[in-house]
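I opened my notebook to look up a few places in this structure, one after another. Here is what I wrote down.

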Amino acid sequence: MKNLSFILWALVAVVALSSCRDHETYADQKKRERAAISDYIQREGIKVISEDEFKAKGYVTDTTKNEFVVFENTGVYMQIVRSGCGEAIKVGETADVLCRFYETNLLTDSLQLSNNVMAYGSFYDKMTVTNSSGSFTASFVSGIMYQVYGSSVPTGWLVPLTYVKVGRPASENDRIAKVRLIVPHDSGHSNAIQYVYPCLYEITYQRGR
């Protein structure tokens, strides 16, 4: 029943978006999306850095300055909160990755979906990830995202995997990778693509057994 409530919650949000977009063009929808992202960045005092700056810093973002790097080719913004423990997913490797997340619709400024609540203490979204020559592909195999949006993983979710380690804690000091993402519709899930809205994510990545 708890899973069903999350699914209904997401569907209600989609219906609301659909009803107010019936007479908008795609160009209008993209303009609205860009405005929502810009408003969020300004409201939260986010310092946007370029990919060149990100590289010069050693592929880290300064959370004390609320830095996000923007990837110009996709429009995805990323903040690495923790780089993680263990190892990155190697070229040629396929691994199960367990995620906890919050998904906020930036057009409605509302939490839309999450598995990061007390009722889901042992519940993760699970995806199978393959690194092919540095390019990542993935499919959800279980979890809330799988139930609501299907097996296709938003490409925005895969961007951090180039820069973080995906392991399992082996000691008290080990912390799993955690990122924040602003994901435009065309790097998002099926509903975001269809209804043209951006999402803010907070996601942790942990290697499956």
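I began with Val196, which is found in the loop between α6 (190-195) and β9 (199-207); helices (H or I, at least four residues) and strands (E, at least two) are DSSP runs, numbered from the N terminus. I noted that this is a predicted model, in which local features need pLDDT of at least 70 and side-chain atom pairs count only at pLDDT 80 or more, while totals for chains, interfaces and linings use all residues. Residues are numbered from 1 along each chain as its sequence is written, and side-chain values use heavy atoms, with hydrogens and water left out.

Is Val196 buried or exposed? Val196 is buried because its relative accessible area is 1%, where buried means under 20%, exposed over 50% and partly exposed in between (1.4 Å probe, protein chains only).

I then looked up the backbone and found that phi of Val196 is near 55°, a positive value in a residue other than glycine. Most residues other than glycine have a negative phi. Phi of Asn66 is also near 55°, and Asn66 sits in the loop between α3 and β2 (67-71).

Next I turned to Val48 in strand β1 (residues 47-49), which counts as partly exposed because its relative accessibility is 36%. Leaving aside neighbours within four places in sequence, Val48 is in contact (heavy atoms within 4.5 Å) with Ile41, Phe68, Val70 and Tyr77. The C-alpha atoms of Val48 and Val70 are separated by 6.6 Å, although the two are 22 residues apart along the chain.

Last, I checked Glu51, which lies in helix α3 (residues 51-56) and counts as partly exposed because its relative accessibility is 34%.
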